[in-house]
Amino acid sequence: QVQLVESGGGLVQPGGSLRLSCAASGNSITIYRMGWYRQAPGKQRELVALVASLTFGSSTSFADSVKGRFTISRDSAKNTVYLQMNNLKPEDTATYYCYARLKQRLSSLDDYWGQGTQVTVSS
């Protein structure tokens, strides 16, 4: 069984920072992509940041709204991805979902989602 477990959400004032973590667990998993999406009330789910595996060359993607403020990193040995969020704005308020495209031993390539962690930016 594959699980994605997020942590690090909370309440922060505008201009503050948070660091989200997501750990993937499973049997002999190989991660091809891992990152974060978010969804605010009344809005569509959107990509926040994504990192590709080193197998195909390391690369990152960011939503235009977070470029220069957010950074994504990955610890391949721990199957963990981090999202460092700086200079947070009220419009960053959303539920953040960890995402991974991975393959388990003797299984096909599939997409997986975490339960979500709430980020609230407010004074």
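Residues are classed as buried under 20% relative accessible area, exposed over 50% and partly exposed in between (1.4 Å probe, protein chains only). By this rule buried residues make up 41% of the 123 residues in the chain. The model is predicted, so that local features need pLDDT of at least 70 and side-chain atom pairs count only at pLDDT 80 or more, while totals for chains, interfaces and linings use all residues. Residues are numbered from 1 along each chain as its sequence is written, and side-chain values use heavy atoms, with hydrogens and water left out.

The overall dimensions were computed from the C-alpha trace, which spans about 50 × 25 × 25 Å along its principal axes. The radius of gyration, taken over C-alpha atoms, was set against a globule rule of 2.2 Å times the number of residues to the power 0.38. For 123 residues a compact globule would have a value near 14 Å, and the chain agrees with it because its own radius of gyration is 14 Å. The accessible surface of the chain comes to about 6800 Å², and 44% of this surface belongs to carbon and sulfur atoms; accessible areas come from the Shrake-Rupley method with a 1.4 Å probe, and for residues only the protein chains shown count as cover. Contact is defined as heavy atoms within 4.5 Å. Among the contacts in the chain with a separation of 6 or more, 54% are between residues 24 or more positions apart.

Secondary structure was assigned from DSSP runs numbered from the N terminus, with helices (H or I) of at least four residues and strands (E) of at least two. The chain holds eleven strands and zero helices. Two strands are taken to pair if DSSP finds at least two bridges between them.

An open sheet is formed by four strands in the order β1-β3-β8-β7, with antiparallel pairing. Its edge strands, each pairing on one side only, are β1 (3-7) and β7 (70-75). From one strand to the next the twist averages 15°, where axes are lines fitted to C-alpha atoms, for helices over the stretch in contact, and angles run from 0 to 180 degrees between N-to-C directions. Within this sheet, β1 and β3 (residues 18-25) are joined in the antiparallel sense by five bridges, and Ser 7 has Ser 21 of β3 as its bridge partner. Ser 21 counts as buried because its relative accessible area is 17%. Beyond four places in sequence, Ser 21 touches Val 5, Glu 6, Ser 7, Trp 36, Val 81 and Tyr 82.

Ala 100 has Tyr 112 in β10 as its bridge partner. The hairpin of β9 and β10 has five residues between the strands, and Leu 106 takes a positive phi near 65° there.

A disulfide is defined as a pair of cysteine sulfur atoms within 2.5 Å, and the count by this rule is one. The disulfide is formed by Cys 22 and Cys 98, with sulfur atoms 1.9 Å apart. Distant parts of the chain are linked by this pair, as Cys 22 lies in β3 and Cys 98 in β9, 76 residues apart. The link of Cys 22 and Cys 98 is left-handed, with -85° about the S-S bond. Both cysteines, Cys 22 and Cys 98, are buried.

Arg 69 is located in the loop between β6 (60-62) and β7. With 9% relative accessibility, Arg 69 is classed as buried. Apart from residues up to four places away in sequence, Arg 69 touches Gln 84, Met 85, Asn 86, Asn 87, Leu 88, Lys 89 and Asp 92.

Gly 10 lies in strand β2 (residues 10-12) and is partly exposed, with a relative accessible area of 24%. Residues up to four places away not being counted, Gly 10 touches Leu 18, Gln 118, Val 119 and Thr 120.

Ser 122 is placed in the segment after β11 (117-121) and is partly exposed at 39% relative accessibility. Its contacts, neighbours within four places in sequence left aside, are with Leu 11, Val 12, Gln 13 and Pro 14. Ser 122 and Pro 14 are 108 residues apart along the chain, and their C-alpha atoms are separated by 6.0 Å.
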